[in-house]
Amino acid sequence: MAAVTKQNAETIRQALRGAQSDIDALRDRIAELQDAQNTLEATPRARADVERYIDDWIARAVATQPFRLGALWSVHTRAFEAEQIFQRSFETNGFAMLAAWDSKRLKALLLADAPAGITDDARAVEMSRLEREIEVAEIAEELACREVEAEIGGTIMRRADVNPAILLAPTSELEGKRR
């Protein structure tokens, strides 16, 4: 076996540092994409979707007919009974009582702080794009690790959250997916 000169050893060290730098850059990109996924998942629903949900919620609540005013002014109902009927209605379904009383104001209060948000369709499209970018970056990372390992005969540590399907896939399959 040929002796390793200081110059050869330095060349090897530089090559390894460069390879590790490339792998680190891929890992940083994967982390950025995963952060983008988390942010997207936490992004509120679109205001229009929330408004439709609130309209439906209010309509369902009002349809339950949470209270009947007739009981309040019936000659057979004593004052304290009317108060109890009214109070029980609030205890049973306070939202329905508020919705029946003033649905427009209730809706305005519920929407007052609603952010713009994102539609479910737009969220799905963006999530799909991010998933694909992560897959491409993970494939590039794995191929880079395999290349370095083949050259040095050692092992490169993998990320704890790496996709196991990528780890187990043959190199030829990964190279085909990279394109």
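1. In this predicted model, residues 24 or more positions apart account for 75% of the contacts in the protein chain with a separation of 6 or more, where contact means heavy atoms within 4.5 Å. Local features need pLDDT of at least 70, side-chain atom pairs count only at pLDDT 80 or more, and totals for chains, interfaces and linings use all residues. Residues are numbered from 1 along each chain as its sequence is written, and side-chain values use heavy atoms, with hydrogens and water left out.

2. The protein chain has 7 helices and 0 strands, in the order α-α-α-α-α-α-α from the N terminus; helices (H or I, at least four residues) and strands (E, at least two) are DSSP runs, numbered from the N terminus.

3. Of the 179 residues in the protein chain, 26% count as buried, that is, under 20% relative accessible area with a 1.4 Å probe, protein chains only.

4. Helix α5 (residues 120–152) and helix α7 (residues 171–178) pack at an angle of about 140°, their axes lying 10 Å apart; axes are lines fitted to C-alpha atoms, for helices over the stretch in contact, and angles run from 0 to 180 degrees between N-to-C directions. The two helices α5 and α7 are therefore oblique to each other, a word for angles left over once those under 35 degrees (roughly parallel), over 145 (roughly antiparallel) and 65 to 115 (roughly perpendicular) are set aside.

5. On the α5 side, the residues making this contact are Arg132, Glu135, Ile139, Glu142, Leu143 and Arg146, and on the α7 side they are Thr171, Leu174, Glu175, Lys177 and Arg178.

Definitions and conventions: Buried < 20%, exposed > 50% of the residue type's maximum accessible area, 1.4 Å probe, protein only.
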